Each structure stands twice: as C-alpha cells, then as structure tokens.
Amino acid sequence: MKFQPDRLEGVNAITRHTATVVTVNAQPWSGSIIVPWQGEVTAWTGAQLGHLMPAHFAQLVALQPELVIFGSGARIRFQRPEIVRALIEARIGLETMDTAAACRTYNVLASEGRRVVAALLPGDNDIQNSV
C-alpha cells in the first residue's frame, strides 16, 4: 500500500541525470548545481571538485536545510572538515555520495517532505585533488 504521492506539489524533483546534465523539473542543467527541496535551482558557481572552498558550503547554510546531499561526481570523494565547517557549525547534516546516488537519495528525501538540498558536481568530474 502506498501512503505518499510520487511528487509533492511545489517540491523540486530531479527527473534525469547523465554524466554532464542533471534535469530538474524538466529543466536541464549542466555543470555544478544546487537543488533545494523548494525554491529556485541555481548554478553552484565555481564549484569544482579540486577547488571547493569553505564559501561553497557556507552558501548552503542560507537555504536552512536539515540535510545536504553532496554529489561528488562519478566517485565518492569526501571533503576535509575545514571545507564543510559552516555546515558542521550550523548543525546541518551532510552526506557524501556519487552524483547519481545523490540524485536518487535527494528525490526520496524531498518526496518525504524533508528539507534537503542537493549540491551536485558533474558525474564526469575527474579531478584527483580531493581527500
């Protein structure tokens, strides 16, 4: 028995993803993006795996999520604590996974009405400078 709809009204949904494009609400996005559970999807300006700075994660705090799903590209690549410090200090959860898994996880949590933000790097990102 199903207890919830496939899609909640007013909630962003990731409908497709490839190595270079993520489609949110039928709008294709290339490059790094931020997908909040509600509101405007935006480019995650300057966010590249080997060049992530504390400011990239600090801007997510303003969205007031309970959880950030970080899609690190084709492989799981964790960030150093000093890079994600703003989320830690704001007591916002952070889960890191490859971008494909991040898209799926985001959709499940958003469909449950959770205050989740997906911060996604392209799946073809092959920079080796992460920790």
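Colleague: Two strands pair if DSSP finds at least two bridges between them. With that in hand, which residue in β2 is the bridge partner of Ile-14?

Modeller: The bridge partner of Ile-14 in β2 is Val-24, and please keep in mind throughout that this is a predicted model. The pairing of β1 and β2 runs in the antiparallel sense over three bridges, and these two strands form a hairpin with three residues between them.

Colleague: And β2 with β3, how many bridges join them?

Modeller: Four bridges join β2, which covers residues 21-24, to β3, and these strands also run antiparallel. Within that pairing, Val-22 stands opposite Trp-29 in β3, while Val-24 stands opposite Gln-27 in β3.

Colleague: What do the three strands make together?

Modeller: They form an open sheet in the order β1-β2-β3, with antiparallel pairing. Because β1 (14-17) and β3 (27-30) each have a single partner strand, they stand at the edges, and one side of each is left without a neighbour in the sheet. On average, and with direction ignored, neighbouring strands of this sheet are turned by 25 degrees against each other.

Colleague: Which helix lies across β1 and β2?

Modeller: That is helix α3, made of residues 99-111, which lies across both strands and runs at about 170 degrees to β1.

Colleague: Back to the hairpin of β2 and β3, which residue there takes a positive phi?

Modeller: In that hairpin, which has two residues between the strands, Asn-25 takes a positive phi near 50 degrees.

Colleague: What is the phi of Gln-64, then?

Modeller: The phi of Gln-64 is near 55 degrees, again a positive value in a residue other than glycine. Gln-64 is placed in the loop between α1 and β6, and with a relative accessible area of 57% it is exposed.

Colleague: New topic: which residues are buried in α1?

Modeller: In α1, which spans residues 54-61, the buried residues are His-56, Phe-57 and Leu-60. Seen down the helix axis, they fall within an arc of 85 degrees, so they line one face of the helix. As a general point, an α-helix has 3.6 residues a turn, so residues three or four places apart point the same way.

Colleague: Which residues touch the most other members of the largest nonpolar core?

Modeller: That core has 36 residues, and the ones touching the most other members are Trp-44, Phe-57, Leu-60 and Leu-120. The elements giving two or more residues to the core are β2, β4, α1, β6, α3 and β8, and the largest share, six residues, comes from α3.

Colleague: What is Trp-44 in contact with, leaving aside its neighbours within four places in sequence?

Modeller: Its contacts include His-56, Phe-57 and Leu-60, which are the buried residues of α1. Among the other residues in contact with Trp-44 are Ile-33, Ile-34, Phe-70, Ala-119 and Leu-120.

Colleague: Is Thr-96 buried or exposed?

Modeller: Thr-96 is buried, because its relative accessible area is 14% and buried means under 20%. Thr-96 belongs to strand β7, residues 93-97, and, not counting residues up to four places away in sequence, it touches Phe-70, Ser-72, Ile-76, Arg-77 and Phe-78.

Colleague: Let's zoom out: how many helices and strands are there?

Modeller: The protein has three helices and eight strands, and from the N terminus on its elements run β-β-β-β-β-α-β-α-β-α-β.

Colleague: And how much of the protein is buried?

Modeller: Of the 131 residues in the protein, 41% are buried. The accessible surface comes to about 7100 Å², and 53% of it belongs to carbon and sulfur atoms.

Colleague: Last one: among contacts with a separation of 6 or more, what share comes from residues 24 or more positions apart?

Modeller: Such residues account for 67% of those contacts in the protein.

How values were computed:
Residues numbered from 1 in each chain as written. Predicted model: local features only at pLDDT ≥ 70, side-chain atom pairs only at ≥ 80, totals over all residues. Heavy atoms only, no water. Buried < 20%, exposed > 50% of the residue type's maximum accessible area, 1.4 Å probe, protein only. Arc of directions from axis to C-beta. Axes fitted to C-alpha atoms, helices over the stretch in contact; angles between N-to-C directions. Contact = heavy atoms within 4.5 Å. Core = buried A, V, L, I, M, F, W, Y, C linked by side-chain atoms within 4.5 Å. Areas by Shrake-Rupley, 256 points an atom, 1.4 Å probe, with all protein chains shown as cover.
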